Amino acid sequence: EALDEQDDLINEFAKVADELQQILSSLEASTFVKRFKAASRKQTEIAKRLNGTLGSSFGLAKHRIEQQLRDVAEETAVEQEEQSRFIYDIQSDLEAYFQRKQESLFENVLLQMKDASVVSNIKSIGESTRTNLNGRSIAASEFWADTLDRWAEELVAAAEESGKGDQKEGQEKDGLPPEIVLQ
């Protein structure tokens, strides 16, 4: 009788472990979504800041630009280098996660990132800013903001799939029975 009870307990804990794994998978996917969204917001912020300087520096040679605008350009270039490292970290983590999970949604985003050379392209925006190609930098930042946001949305589907697991729509997951918890 004790062995039967122990087998029942082990089966219940196995079910809980499966549920926890599904929750963990959902959290991992949502973490990537949040990181992509943060990178997208940062690109939008950079584009807005550069847009504010456009009127007073458009078309001028680098040596004719006021020091304040040169400082903004340098600050933006440094930020884009930091962003390229941040996105490289996302890409590396996504690759490691895909190696573990082998889910096609993650592979799709990862391949898109590699094909688009997102890391080097983000870094090159900073170089464009240093040479007063702010119009080009704004357009590129906005493009990458949209692209990063799109990748995040693609991963939302992965997070939702991971969170559902075997659960049918509208059906709540059962918790552990009180007697199991007591035992």
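Reply: A polar contact is a pair of N or O atoms within 3.5 Å; within protein, one must be able to donate a hydrogen and the other to accept it, and residues adjacent in sequence count only if both atoms are side-chain atoms. The side chains of Ser-137 and Thr-129 make such a contact, at 3.0 Å. This is a predicted model, in which local features need pLDDT of at least 70 and side-chain atom pairs count only at pLDDT 80 or more, while totals for chains, interfaces and linings use all residues. Residues are numbered from 1 along each chain as its sequence is written, and side-chain values use heavy atoms, with hydrogens and water left out.

Me: What makes up the secondary structure of the protein chain?

Reply: Six helices and zero strands. Helices (H or I, at least four residues) and strands (E, at least two) are DSSP runs, numbered from the N terminus. Along the sequence the pattern reads α-α-α-α-α-α.

Me: Why does Ser-137 count as buried?

Reply: Its relative accessibility is 1%. Buried means under 20% relative accessible area, exposed over 50%, partly exposed in between (1.4 Å probe, protein chains only). So Ser-137 falls in the buried class. Ser-137 lies in helix 5, residues 134–164. Buried residues make up 32% of the 183 residues in the protein chain.

Me: Which residues is Ser-137 in contact with, leaving aside its neighbours within four places in sequence?

Reply: Leu-50, Ile-125, Ser-128 and Thr-129. Contact means heavy atoms within 4.5 Å. Ile-125, Ser-128 and Thr-129 are among the buried residues of helix 4.

Me: How far does helix 3 reach from its first C-alpha to its last?

Reply: 18 Å, for 13 residues. That is close to the 18 Å expected. Just after helix 3, Ser-117 has a positive phi of about 50°.

Me: What puts the buried residues on the same side of helix 3?

Reply: The buried residues are Phe-106, Val-109, Leu-110 and Met-113. They cover an arc of only 100° around the axis, so they share one side of helix 3. The arc is that of the directions from the helix axis to the C-beta atoms. An α-helix has 3.6 residues a turn, so residues three or four places apart point the same way. On the other side of helix 3, Ser-104 and Asp-115 are exposed.

Me: Why is Leu-110 called buried?

Reply: Its relative accessible area is 4%, so the buried class applies to Leu-110. Setting aside residues within four places in sequence, Leu-110 is in contact with Gln-91, Leu-94, Glu-95 and Phe-98.

Me: And Gln-83: why is that residue buried?

Reply: Gln-83 has a relative accessible area of 10%, so the buried class holds here too. Gln-83 is in helix 2. Not counting residues up to four places away, Gln-83 touches Ala-39, Lys-42, Gln-43 and Ile-122.

Me: What makes up the largest nonpolar core?

Reply: A nonpolar core is a set of buried Ala, Val, Leu, Ile, Met, Phe, Trp, Tyr and Cys residues joined through side-chain atoms within 4.5 Å. The largest has 21 residues; Phe-36, Leu-94, Met-113 and Trp-151 have the most contacts inside it. Helix 1 (2–57), helix 2 (67–101), helix 3 (104–116), helix 4 and helix 5 each give two or more residues to this core. Another core, of five residues, lies apart from it and includes Ile-46, Leu-50, Leu-54 and Ile-138.

Me: Why is the pair of Phe-143 and Trp-144 called edge-to-face?

Reply: Rings of Phe, Tyr and Trp (its six-membered ring) pair if their centres lie within 6.5 Å; planes under 30 degrees apart count as stacked, over 60 as edge-to-face and the rest as tilted. For Phe-143 and Trp-144 the centres are 4.9 Å apart and the planes 75° apart. The pair is therefore edge-to-face. The structure holds six aromatic pairs. Phe-36, Phe-143, Trp-144 and Trp-151 form one aromatic cluster.

Me: Buried or partly exposed: which applies to Phe-143, and which to Trp-144?

Reply: Phe-143 has 47% relative accessibility, so Phe-143 counts as partly exposed. Trp-144 has 6%, so Trp-144 counts as buried.

Key: Expected span 1.5 Å × (residues − 1).
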